[in-house]
Amino acid sequence: MLVLVAPGQGAQTPGFLTDWLALPGAADRVAAWSDAIGLDLAHFGTKADADEIRDTSVAQPLLVAAGILSAAALGDISGIAPGAVAGHSVGEITAAVFAGVLDDTAALSLVRRRGLAMAEAAAVTETGMSALLGGDPEVSVAHLERLGLTPANVNGAGQIVAAGTMEQLAALNEDKPEGVRKVVPLKVAGAFHTHHMAPAVDKLAEAAKALTPADPKVTYVSNKDGQAVASGTEVLDRLVGQVANPVRWDLCMETFKELGVTAIIEVCPGGTLTGLAKRALPGVQTLALKTPDNLDAARELVAEHTQA
């Protein structure tokens with residue numbers, strides 16, 4: 001069984017959209033999305049520097065656009081026929097497109113509002129996120145709570161992402177949990193999936209009222225608890241609430257395992273989620289769509305693992 005996944009914020013790098021825009025029809029499609037949401041996606045995906053695309057209001061639409069574009073280059077979603085789809089954090093909106101819950105324009109409109117609302121919430125207090133590599137999850141979570149930090153992403157494969165104020169993160173760097181090898185600051189501009197994002201939830205809920213979600217056409221696995229969600233309305237409700245709640249990617253991967261996953265393809269800018277899967281799901285084939293050069297290998301993987 002094939003699972004199609006979409007990465008979250010922090011996966012972006014300068015110029016990562018350049019080669020994808022050279023594909024037939026891609027530039028026109030991205031131009032139409034840019035007009036619809038009032039953001040020059042082509043510029044930010046090809047010419048902007050790391051600081052510019054770190055901006056939450058830019059990074060989030062850019063990641064969703066890249067994910068949709070790369071999946072479309074791989075093939076029509078009905079032809080790819082994944083057994084399940086999921087996304088990490090903002091990647092959940094990309095996955096909602098894969099599942100047929102939202103069309104691409106609605107998804108980009110929603111993620112544009114999400115990015116702006118979260119950037120505004122992040123501006124209230126200087127906050128950030130850092131990944132903990134290694135260590136025992138229970139020990140790490142207890143240590144983070146003592147420092148006033150939130151385990152905002154529980155990613156599995158020994159990785160937890162802490163979120164909080166910059167002072168709290170500095171204290172973590174000086175006082176790592178037992179067994180943690182390294183604390184790595186992430187390329188994000190706020191403490192996402194924590195109480196710091198509560199003001200963004202109401203704004204996103206208001207934006208969601210204008211959308212009419214369809215029920216998922218394939219199994220949609222949610223960050224909230226790793227469960228499959230069968231209702232489009234519930235998917236949309238969870239997309240709103242997840243802004244201020246922890247990402248449980250570990251539970252998503254447990255569900256993939258229960259569903260019988262044999263292969264995972266991560267859409268552009270892939271690499272993060274396939275890296276986690278290699279450690280947490282041994283024996284599962286993985287492929288990250290980093291550039292169009294990866295498309296042929298991805299199509300072979302689709303042919304091997306697509307459900308009949």
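Which helix lies across E3, E4, E5 and E6? The first legend takes up this point; every view is drawn from a predicted model.

View 1. Helix H9 (residues 137-146) lies across E3, E4, E5 and E6, and runs at about 5 degrees to E5. The sheet itself is open, with four strands in the order E4-E5-E3-E6 and antiparallel pairing. Strand E4 (150-156) and strand E6 (180-185) form the edges, each pairing on one side only. From one strand to the next, the twist averages 25 degrees. Seven bridges link E3 with strand E5 (residues 159-165) in the antiparallel sense. Helix H10 (residues 166-174) also packs on this sheet, where it touches E3, E5 and E6, and its direction makes about 135 degrees with that of E5.

**View 2. The surroundings of Thr 127.** Thr 127 belongs to strand E3 (residues 127-134), and its bridge partner in E5 is Thr 165. Thr 127 counts as buried because its relative accessibility is 7%, below the 20% limit for that class. A polar atom of the Thr 127 side chain lies 2.9 Å from the backbone nitrogen of Ala 191. Beyond its neighbours within four places in sequence, Thr 127 is in contact with Ala 122, Gly 164, Thr 165, Met 166, Ala 189, Gly 190, Ala 191 and His 196.

**View 3. The six-stranded sheet.** Six strands form an open sheet of mixed pairing, in the order E8-E7-E2-E1-E9-E10. Strand E8 (228-229) and strand E10 (285-288) stand at the edges with a single partner strand each, so one side of each has no neighbour in the sheet. Strand E9 (residues 263-266) and E10 run parallel and are joined by four bridges; within this pair, Ile 264 has Thr 286 of E10 as its bridge partner. Helix H13 (residues 249-259) packs on the sheet and touches E1, E2, E7 and E9, its direction making about 150 degrees with that of E7.

**View 4. Strand E2 and its two partners.** Strand E2 (residues 84-87) is covered on both faces: Ala 84 and Ala 86 are buried on one side, Val 85 and Gly 87 on the other. In a regular strand, side chains alternate between the two faces of the sheet. Strand E1 (residues 2-6) runs parallel to E2 and is joined to it by four bridges, with Leu 4 partnered by Val 85. Two bridges join E2 to strand E7 (residues 219-221), again in parallel, and here Val 85 is partnered by Tyr 220.

**View 5. Tyr 220 and the nonpolar cores.** The largest nonpolar core has 80 residues, and those with the most contacts inside it are Leu 102, Leu 110, Tyr 220, Leu 239, Ile 265 and Leu 289. Helix H5 (residues 56-74) gives the most to this core, with 11 residues. Apart from this core lies another, of 18 residues, including Val 5, Trp 249, Met 253 and Ile 264. Excluding residues up to four places away in sequence, the residues that Tyr 220 touches include Val 85, Ala 95, Ala 99, Val 235 and Leu 239.

**View 6. The buried face of helix H11.** In helix H11 (residues 198-208), the buried residues are Ala 200, Leu 204, Ala 207 and Ala 208. Seen down the axis of H11, these buried residues fall within an arc of 95 degrees and therefore line one face of the helix. Their cover includes helix H8 (104-122) and helix H12 (232-241).

Notes. Residues are numbered from 1 along each chain as its sequence is written. This is a predicted model: local features need pLDDT of at least 70, side-chain atom pairs count only at pLDDT 80 or more; totals for chains, interfaces and linings use all residues. Side-chain values use heavy atoms; hydrogens and water are left out. A nonpolar core is a set of buried Ala, Val, Leu, Ile, Met, Phe, Trp, Tyr and Cys residues joined through side-chain atoms within 4.5 Å. Buried means under 20% relative accessible area, exposed over 50%, partly exposed in between (1.4 Å probe, protein chains only). Contact means heavy atoms within 4.5 Å. The arc is that of the directions from the helix axis to the C-beta atoms. A polar contact is a pair of N or O atoms within 3.5 Å; within protein, one must be able to donate a hydrogen and the other to accept it, and residues adjacent in sequence count only if both atoms are side-chain atoms. Two strands pair if DSSP finds at least two bridges between them. Axes are lines fitted to C-alpha atoms, for helices over the stretch in contact, and angles run from 0 to 180 degrees between N-to-C directions.
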